[in-house]
Amino acid sequence: MMTKYTSGTPIDTEAVVRRFDALPVADFPFAHRFDGDKFIFSFAMEDGDIVYGLGESPRGINKRGWVYESYCSDDPFHTETKQSLYAAHNFIIFGGSKAFGLFVDFPARIRWDLGYTRQDTAEITVDGADFDIYVINGGSPREIVREFRAAIGQSYIPPFWAFGYQQSRWSYHNKDAVNAVIEGYDAENIPLDCVYLDIDYMDHYKDFTVSEEAFPDFAAFVREKRAQGIHLIPIIDAGVKKEDGYSVYEEGKANGYFCKKADGSVFEGGVWPGVCAFPDFLDPKVREWFGAKYKTLTDMGIDGFWNDMNEPAIFYSADGLKKALDKAASLSGEDLDLGRFFNLKDTFLGLSNSQEDYSAIYHNVGGEQVNHQRVHNIYGANMTKAAGEYFEKEFGKGSILMFSRASYIGAHRSSGIWFGDNHSWWSHILLDLKMLPAANMCGFLYCGADLGGFNENATRDLVLRFLALGVFTPLMRNHSALGTRDQEGYRFENPGDFRDIIQVRYRLIPYLYETFVKASEQNDLIFRPLSFDYPDDPIARECETQLMLGEECMIAPVYEQNVKGRTVYLPEDMTFVKLSGERAEKREMQKGLHYVEIALNEVPLFIKKGKKIPLCKPAMRTRDLAPDEAEFI
Ligand code: GLC
C-alpha cells in the first residue's frame, strides 16, 4: 500500500504519474519535526536490516552506515567518501522484518543519515517545508519496487540497436578519427554498433552545430555510417554559448528563455564554450523550444544523443570569477601568510559548481521566480525531458537513443542514464555493479558506467574485466577522457580477447533485450541484489559482488587485478557457464562457495537449475543478429 503525505505546496516534479489523495504531514507515521524550514524524520533500524536504493549514488548495495545527500553533483572523483553523484534518486527501501519503501518527492537537497551518526537510527532531513513523501508498506522489497515503479510510470525502452557495443572517447575529433575506430574494430572482427561524438564535433562547442572543418557534409557522413550499420551519437551540453549571431543564444535571449539572476539579467557561467547562458528547463515553453532544436541533428540522420553537464556543471560564473580575480589583484605584491595563501587558493578552487552561484540563479516556475536551490535536482532531468518529449512526439516512443548524466526520478520514462566520470580503477567495476539494482529500483533500466573507466589510464586487463561486466549492462559503452591512454579494444595486444568478450554480448542481446522489455512492462528490476531472492540465506544477504539477472541468471564479474578467477557464492544449485566468443563451457555446480577460474577472454554466467536462456550467433552489428535462430543453453 502506497500512501502520500504532503507538506506545504510542493513544486510538481512530475515524478509520480498515479494519482493519490494526500494525507497531511501531521499524520506521517515516523517521528518527525520541523527545524526552521527543514523537515527531519527518523526511525530505528534493527541489527541486520538492509537499506536499499538511492539509485546512482556512492558505496554499497546495502546503503547502511553512511550519510548520503541528494544533490546532483558534477564530481569526477567517485571515491567512497562522497555523498552524492550526478543524480538525485530519492527512493529507498528498509528491508527489515517488515520491509517498507520511502520516496521523498522533493527537488532540493535531502540528507540521508543511514546509521552514520547512530548505527541503529536512520535520520532523513528534507531541506524545505514543501514536499510529498510516499510510504510503501507491505510485501517484499521486490514487491515494494513494483508498487513504486507502477506509480512513477513505465521505464524508457531504447531502440534495439542501443544494446550493441558502443565506443566513445573524448574526442574523436573528425571524420578520419571516427572512421579509424570503425576500421579498427572491423579489421579485428569485433562487433560494434555506435561511435560517439564528444564535444569536439561541434563548432566551438555550440549545441546543435557541427564543425564544418572536422565533419564536412555531416549528413552524408551520417548516412554513410548508417549504411555500414554504425550509429553516430553526439553529445548535447546544458550551457548555450554566449555569442552574438549564434541562433540558439539569440533566440533564447530574445525570448527570455535563459535562467536569470535576482535582478532579471541573464545568469552567465563558464563551461566548455566559455561564457554560457543556461536554458530554463523548468519552463515548459523553454523545454519545447530546446527539445525542437534536436531536429537540427535528427534531420541529418542522427538517432541517438547523450545529454551532459546538466547538474548543471558551471566551471565559474562571471561574477564569481571577477570576485576571485579582484581578490588576487588586491593581494598582489603582499607577503601572504599561510592562512591568506590557502584562502586565496580555495577561492579559485571553489569557483566551480559553487553554492553561491547556484543560489544566484532563478527559474520561471509557473510564472513565479524560484531560486535554483529549490529545484536544483530537477534541472538536468528537465533538460532530458525536453528532448524526450520532442522525440516521442516526432518519432514515437523508443525510436531515439537518449541518456543523460544528471537525473531525477520521472526522467526514467523518457531516457536512460550513465554513471558519469568514473576512473580506470578496479574498484569502479564493483561500483558499477552496485549501482545497477539501485538504479533499477528508481526506474532507470537503460544504464551503465563508462567501461574501462573514464579518468586516468586503463590497463588491458582492466578494460577486459570491465567489459565482461558490461556485457550484461543495457548500455555497453567504452568511454575515456581526453589525454588518457587509448582504450578501444583493437588498440591492445591480442585484440582477439576483446572479440571473445564483445561477441558474447551479441550472442546474449536477444535474451538481454527481452529481459529489459519485460522489466519495463512489468515495472520490475533487471538486476536484483541476491538478498531480494534469498532473504533467509545469510551469505546471499550480505553479497555485494554478485547480482541476480532476470529470472534465470546470476552474474559475478572478476573485479581484481592479477587474479585468475574469483570466489563466488551459489545460493542454490546452478550451471556455471563460461562464455567466450562462440564457445560456451558448462559445469553443474552445487549451492555453496566456490572458487572459479575465469580467463581474461571469458564471461562468467550462472544459470539457475531448470532455466534456459537463448544464445544466438554473434554478428558484427545488431541488425545482422538472428534472434529466431538462437539456441537455448
Ligand atoms: C563530461 C562528461 C564526459 C565527457 C566530457 C567532455 O566530463 O561526463 O563523459 O567526455 O564531459 O564532453
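Biologist: What lies 2.5 Å from an oxygen atom of the ligand?

Modeller: A polar side-chain atom of Asp198 lies at that distance from the ligand oxygen. A polar contact is a pair of N or O atoms within 3.5 Å; within protein, one atom must be able to donate a hydrogen and the other to accept it, and residues adjacent in sequence count only if both atoms are side-chain atoms. The side chain of Asp308 has an N or O atom 3.1 Å from a ligand oxygen, and for Arg405 the value is 2.9 Å. Taken alone, the ligand exposes 310 Å², and the protein buries 98% of that. Those areas come from the Shrake-Rupley method with a 1.4 Å probe; for residues, only the protein chains shown count as cover.

Biologist: What are the ground rules for such values?

Modeller: This is a predicted model, in which local features need pLDDT of at least 70 and side-chain atom pairs count only at pLDDT 80 or more, while totals for chains, interfaces and linings use all residues. Residues are numbered from 1 along each chain as its sequence is written, and side-chain values use heavy atoms, with hydrogens and water left out.

Biologist: How many residues surround the ligand, and which are the closest?

Modeller: The ligand is surrounded by 13 residues, and the closest are Asp198, Asp308, Arg405, Asp421 and His479. A residue is near a molecule or strand if one of its heavy atoms lies within 4 Å of it. By class, the shell has eight nonpolar, one polar and four charged residues. Here Ala, Val, Leu, Ile, Met, Phe, Trp, Tyr, Cys and Pro count as nonpolar, Asp, Glu, Lys and Arg as charged, and the others, Gly among them, as polar.

Biologist: Why is strand E8 called largely enclosed by the rest of the structure?

Modeller: Buried means under 20% relative accessible area, exposed over 50%, and partly exposed in between, with a 1.4 Å probe and protein chains only. Five of the five residues of E8 (residues 91-95) are buried, so the strand is largely enclosed. Strands (E, at least two residues) and helices (H or I, at least four) are DSSP runs, numbered from the N terminus. In a regular strand the side chains alternate between the two faces of the sheet. In E8, Phe91, Ile93 and Gly95 are buried on one side, and Ile92 and Phe94 are buried on the other.

Biologist: What makes E8 and E9 a pair?

Modeller: Two strands pair if DSSP finds at least two bridges between them. E8 and E9 (residues 100-105) have four, in the antiparallel sense, with Ile92 opposite Leu102. These two strands form a hairpin with four residues between them. Four bridges also join E8 to strand E5 (residues 50-53), again antiparallel, and there Tyr52 has Ile93 as its bridge partner.

Biologist: Why is the pair of Phe30 and Phe43 called tilted?

Modeller: Rings of Phe, Tyr and Trp (its six-membered ring) pair if their centres lie within 6.5 Å; planes under 30 degrees apart count as stacked, over 60 as edge-to-face and the rest as tilted. A search of the whole structure finds 55 aromatic pairs. For Phe30 and Phe43 the centres are 4.9 Å apart and the planes stand at 45°, so the pair is tilted. Both residues are buried.

Biologist: What makes the pair of Phe258 and Trp289 edge-to-face?

Modeller: The planes of Phe258 and Trp289 are at 75° and the ring centres 6.3 Å apart, so the pair is edge-to-face. Phe258 sits in the loop between helix H4 (247-254) and strand E17 (268-271), and Trp289 in helix H5 (residues 284-293), 31 residues apart. Phe258 counts as buried because its relative accessibility is 2%; Trp289, at 11%, is buried too.

Biologist: How do you know that Asp263 is exposed?

Modeller: Its relative accessibility is 62%, so Asp263 counts as exposed. The side chain of Asp263 makes a polar contact with that of Ser265, at 2.6 Å.

Biologist: Why are E29 and E34 called edge strands?

Modeller: Six strands form an open antiparallel sheet in the order E29-E30-E31-E36-E33-E34. E29 (527-528) and E34 each pair on one side only.
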